[in-house]
Amino acid sequence: MTRVVVDREVCMSAGVCEMEAPGVFELDADGVLQVGEVTDADAVETAVRSCPTGALQLVD
């Protein structure tokens, strides 16, 4: 099962991932990225590739 790992030291909460895969990524009220279950692998891969800081990584 593929999952997403977030490097919280690198994430700047830009929200690009949330726009690419809104059912998986969500910024909470404090701007901290929350990651849910990977339900749409294509959208998540796009979100990971689109992260402006490279804070997201897919792992098996």
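The model is predicted: local features require pLDDT of at least 70, side-chain atom pairs count only at pLDDT 80 or more, and totals for chains, interfaces and linings use all residues. Residues are numbered from 1 along each chain as its sequence is written, and side-chain values use heavy atoms, with hydrogens and water left out.

Let me begin with the overall fold. The chain contains 2 helices and 4 strands, in the order β-α-β-β-α-β from the N terminus. These are DSSP runs, with helices being H or I of at least four residues and strands being E of at least two, numbered from the N terminus. The radius of gyration, taken over C-alpha atoms, is compared with a globule rule of 2.2 Å times the number of residues to the power 0.38. For 60 residues a compact globule would have a value near 10 Å, and the chain agrees, with 10 Å. Along its principal axes, the C-alpha trace spans about 30 × 20 × 15 Å.

UniProt, in an unreviewed entry, lists residues 3-59 as "domain: Divergent 4Fe-4S mono-cluster"; its positions are given here in the numbering used for the model, feature names are shortened, and annotations may be inferred rather than shown by experiment. Over that range the chain is 26% helix and 25% strand, and the end C-alpha atoms lie 6 Å apart.

I turn now to the interior. Of the 60 residues, 25% count as buried, where buried means under 20% relative accessible area, exposed over 50%, and partly exposed in between, with a 1.4 Å probe and protein chains only. A nonpolar core is a set of buried Ala, Val, Leu, Ile, Met, Phe, Trp, Tyr and Cys residues joined through side-chain atoms within 4.5 Å. The largest one has 14 residues, and those with the most contacts inside it include Val4, Ala21, Phe25 and Val44. Strand 1 (3-6) and helix 2 (41-50) each give two or more residues to this core, and helix 2 gives the most, with 4. Beyond its neighbours within four places in sequence, Ala21 is in contact (heavy atoms within 4.5 Å) with Ala43, Val44 and Ala47. By contrast, Met19, in helix 1 (residues 16-20), is exposed at 64% relative accessibility.

Finally, the cysteines. Cys11 is partly exposed, at 24%, whereas Cys51 is buried, at 16%. A search of the whole structure finds 0 disulfides.

Methods
A disulfide is a pair of cysteine sulfur atoms within 2.5 Å.
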